[in-house]
Every structure is written in structure tokens, then in C-alpha cells.
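Good morning, colleagues. Please take a moment to look at the sequence and the model on the screen before I go through them.

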Amino acid sequence: MTEPRWLDDIETRAWLGFVFTRDLIAAAVGRDSLRASNLTYVEYTVLARLADTPELRRSFAELASVLEWSQSRLSHQITRMEKRGLVARESIPDDARRTAAVLTPKGAEVLATAAPAHVDSVRRHMIDVLDRDQLAALSDIYDTLLTHHRAAGDDGADCIDHRGSPAHARRRPTPQPS
């Protein structure tokens with residue numbers, strides 16, 4: 001049996017830095033989201049991914065892929081959000097076996113109200129803490145890691161490229177008529 005390649009000091013700092021900051025930042029943004037709009041971090045993310053599409057809908061398979069979740073996890077989350085009137089399920093017309101998640105007018109309104117506070121929270125807890133060179137370096141690092149894991153066939157291999165500026169980060173989403 002070969003000896004494990006233990007992490008050296010720099011590798012340990014990098015790994016633990018990623019783990020702890022990811023958890024701390026996500027928790028802080030999540031607390032801010034609940035306080036500002038009564039949306040969990042996860043609910044906001046689902047609504048934003050639906051709002052990123054012109055039709056305000058995605059098939060479960062596509063949405064699960066974009067979120068890098070299992071379809072089972074997504075189904076449970078959509079069920080909870082349906083009860084709040086934020087999303088709806090619809091059959092896909094050309095394939096009755098498949099289902100789409102659809103942003104409801106109420107969900108669009110809640111997202112439009114929540115987006116400014118969400119972006120402010122992301123800025124306060126991460127973006128504005130770093131200078132532009134640090135942000136560029138961090139973006140390059142995440143591009144490399146995402147490319148590696150998606151090329152390796154890990155779950156989420158068909159996910160959208162995170163480098164695109166999602167609509168909810170650039171502007172306030174506008175509710176769409178149903």
C-alpha cells in the first residue's frame with residue numbers, strides 16, 4: 001500500500017480556506033436573505049435560475065443540472081416552494097413524462113423584491129472584500145476547478161457556464177404576466 005500524499009501547509013490552507021469561507025459566506029447571505037425577503041438561500045437560487053430564462057421555466061432535468069442537484073432534491077424543493085405559491089409544475093407538452101418548474105407571478109414578484117438585498121449581501125460578504133485582481137484570480141481558479149470536474153463527468157457536467165452574468169445579478173427582475 002502506498003503512503004497517502006498528505007496536504008502540506010499551503011494545500012491545507014487552500015482547502016480549509018475554501019471550505020470555511022464557502023460555508024460562512026453562504027450562511028451570511030442566507031441569513032440576510034431570510035431577514036430581507038423571507039426567502040432561504042436555496043429558494044432564492046431556484047427562483048433566480050428560473051428567472052434566467054425567457055420563458056421563466058426549465059425542465060426538471062435542466063434545472064437540476066444548472067443547480068448541480070439531484071432531481072430528487074429538486075423535486076422536494078419545488079414541492080416546498082409550490083406550497084408558498086412561488087413556483088408551479090407543468091407537464092412538458094411534447095413529452096408528458098417530463099415536468100417543468102415554472103416561476104409564478106408571485107415568485108417573480110418576490111424575487112424582484114429580494115434581488116437588490118441579495119446582491120447587496122453578496123457584495124458585503126464577498127465581492128467588496130476583495131480587490132479586482134483578487135476577484136479575477138478567484139474567478140480563474142473557479143473556472144479551472146469547474147472545468148476539471150465537469151470534464152471528469154462529475155454530476156453537473158452539463159451545467160451552464162457560471163461566468164455569464166445572470167440576469168438577477170445585473171438588474172432587478174421584472175415579474176412577467178402569466
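Let me begin with a question: in which loop does E68 lie? E68 lies in the loop between α3 and α4; helices (H or I, at least four residues) and strands (E, at least two) are DSSP runs, numbered from the N terminus. E68 comes directly after α3. Its phi is positive, about 60°, although E68 is not a glycine.

A word on the basis of what follows. This is a predicted model, in which local features need pLDDT of at least 70, side-chain atom pairs count only at pLDDT 80 or more, and totals for chains, interfaces and linings use all residues. Residues are numbered from 1 along each chain as its sequence is written, and side-chain values use heavy atoms, with hydrogens and water left out.

pLDDT is the predictor's confidence in each residue, from 0 to 100. The protein chain averages 86, and 85% of the residues score at least 70. Over residues 155-178, however, pLDDT stays under 50. For that stretch the model has 42 contacts beyond four places in sequence, a contact being heavy atoms within 4.5 Å. Where pLDDT is low, the predicted coordinates should not be read in detail.

Now the overall arrangement. The protein chain has seven helices and three strands, and from the N terminus on they run α-α-β-α-α-β-β-α-α-α. Of the 178 residues, 31% are buried. Among contacts with a separation of 6 or more, 54% are between residues 24 or more positions apart. The accessible surface comes to about 11800 Å², and carbon and sulfur atoms hold 55% of that surface; the areas come from the Shrake-Rupley method with a 1.4 Å probe, and for residues only the protein chains shown count as cover.

Let me turn to the interior. A nonpolar core here is a set of buried Ala, Val, Leu, Ile, Met, Phe, Trp, Tyr and Cys residues joined through side-chain atoms within 4.5 Å. The largest such core has 24 residues, of which V46, L47, L63, L74 and I78 touch the most other members. At least two residues of this core come from each of α2, α3 (60-67), α4 (71-83), β3 (95-103) and α5 (105-125). The greatest contribution is from α2, with six residues. In soluble globular proteins, nonpolar side chains tend to be buried together.

Which residues does V46 touch, not counting those up to four places away in sequence? They are L63, L67, W69, Q77, I78 and M81. Helix α2 (residues 41-51) also holds E43, which is buried at a relative accessible area of 8%. With residues up to four places away again left out, E43 touches N38, Q77, M81 and R84. N38 itself lies in the loop between α1 and α2, and has a positive phi of about 60° although it is not a glycine.

Helix α3 is mostly covered, with six of its eight residues buried. Those six are F60, L63, A64, S65, V66 and L67. They pack against α2, β1 (57-59), α4, β2 (87-92) and β3.

Next, α5. This helix has 21 residues and reaches 30 Å from its first C-alpha to its last, close to the 30 Å expected at 1.5 Å a residue; the expected span is 1.5 Å times one less than the number of residues. Where does α5 bend? The bend is at A114, by about 40°, and a proline, P116, follows within four residues. The angle is taken between axes fitted to the seven residues ending at the position and the seven starting there. Buried residues in α5 include G107, L111, A114 and H118.

D32 lies in helix α1 and is buried, at 12% relative accessibility. Beyond its neighbours within four places in sequence, D32 is in contact with S121, R124 and H125. D32 and V122 are 90 residues apart in sequence, yet 9.5 Å apart in space, C-alpha to C-alpha. G17 is also in α1 (residues 9-37), but is partly exposed, with a relative accessible area of 28%.

Methods: Buried < 20%, exposed > 50% of the residue type's maximum accessible area, 1.4 Å probe, protein only.
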